[in-house]
Amino acid sequence: MGFGQLPYDMAHLLGGGVLLFSFVLLYQRRLSGVIAAFAAQGALLALAVAWQGWAQGAPGLYLTALLAAVAQAVLLPLALRRLVRHLAVQRAVEPALGIGASMVAGVALVALALMVVLPATAGAGLQAREDLALALSVVLLGMLMMITRHNAISQLVGLLSLENGLVLAASGVRGMPLVLELSTAALVLMLAAVAGFFVFRLRESLSSLDVSALHAHRGEREGEGA
């Protein structure tokens, strides 16, 4: 299966859309924009997984797509918006790395994903190889967002975007057991719940969601110990 065939073309169009919204997440400076971009990425992920279910003849992927649509595109964005309102946090986000530098780093990570995945999967089908390259790119950009953002909610969105990449990878591999896909999603959602608890504790302790404030706080504790 290759270029010009509908299953191949649509799978890459939808997977490319998920990757595109990873760059949109890196570009955003406001929490409202970050959450909206994450919701759009979740909706595209659900469509991509559903398409893979049809192309592979794997009905189990429809359940994964439904869960992605409900959780990633609806419930989690609503919960994040409620969290922002409840904590009355600053809506503007100052990244640790500038927007331009983040874009350049993102492009470099996509190139790295291609250089790693394509040679390593030379024996696999063309569609599976390129799907895995797109998925790894989404994972790496999620990690980049977690590293280059001071705001804890933005870092949480980066973690959830990373999970989108894992789900995209699992759905692109023909014959992947459904239980493995669901357990991967459940694990990252559990980590997201722990991160949400951390956000509340950070706000209560420091009256801020800027994790860079932890460095000064740690320095004070070390000084007290000395």
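By about how many helical turns are Trp51 and Trp54 separated in helix 2? Select both residues in this predicted model: Trp51 and Trp54 are 3 residues apart in helix 2, which spans residues 31-56, and so the separation is about one helical turn.

Stay with these two side chains and look at their rings. A pair of aromatic rings is described by the distance of the centres and the angle of the planes. Trp51 and Trp54 form a tilted pair, with 4.9 Å from centre to centre and 40 degrees between the planes, and the count of aromatic pairs comes to 1. If you now colour by accessibility, Trp51 counts as buried because its relative accessibility is 18%, under the 20% cut-off, whereas Trp54, at 48%, counts as partly exposed.

Next, select Ala68, which lies in helix 3, residues 60-87. Ala68 is buried, with a relative accessible area of 7%. Show its surroundings, leaving aside neighbours within four places in sequence, and you will find Ala68 in contact with Gly42, Leu45, Ala46 and Ala73. A distance drawn from the C-alpha atom of Ala68 to that of Ala43, 25 residues away along the chain, reads 7.5 Å.

Finally, zoom out to the whole protein, which has 8 helices and 0 strands. Of its 226 residues, 44% count as buried, and among contacts between residues at least 6 apart in sequence, 73% join residues at least 24 apart.

Note on methods:
Residues numbered from 1 in each chain as written. Predicted model: local features only at pLDDT ≥ 70, side-chain atom pairs only at ≥ 80, totals over all residues. Heavy atoms only, no water. Helix = DSSP H or I, 4+ residues; strand = E, 2+ residues; numbered from the N terminus. Buried < 20%, exposed > 50% of the residue type's maximum accessible area, 1.4 Å probe, protein only. Contact = heavy atoms within 4.5 Å. Phe/Tyr/Trp six-rings, centres within 6.5 Å; stacked < 30°, edge-to-face > 60°.
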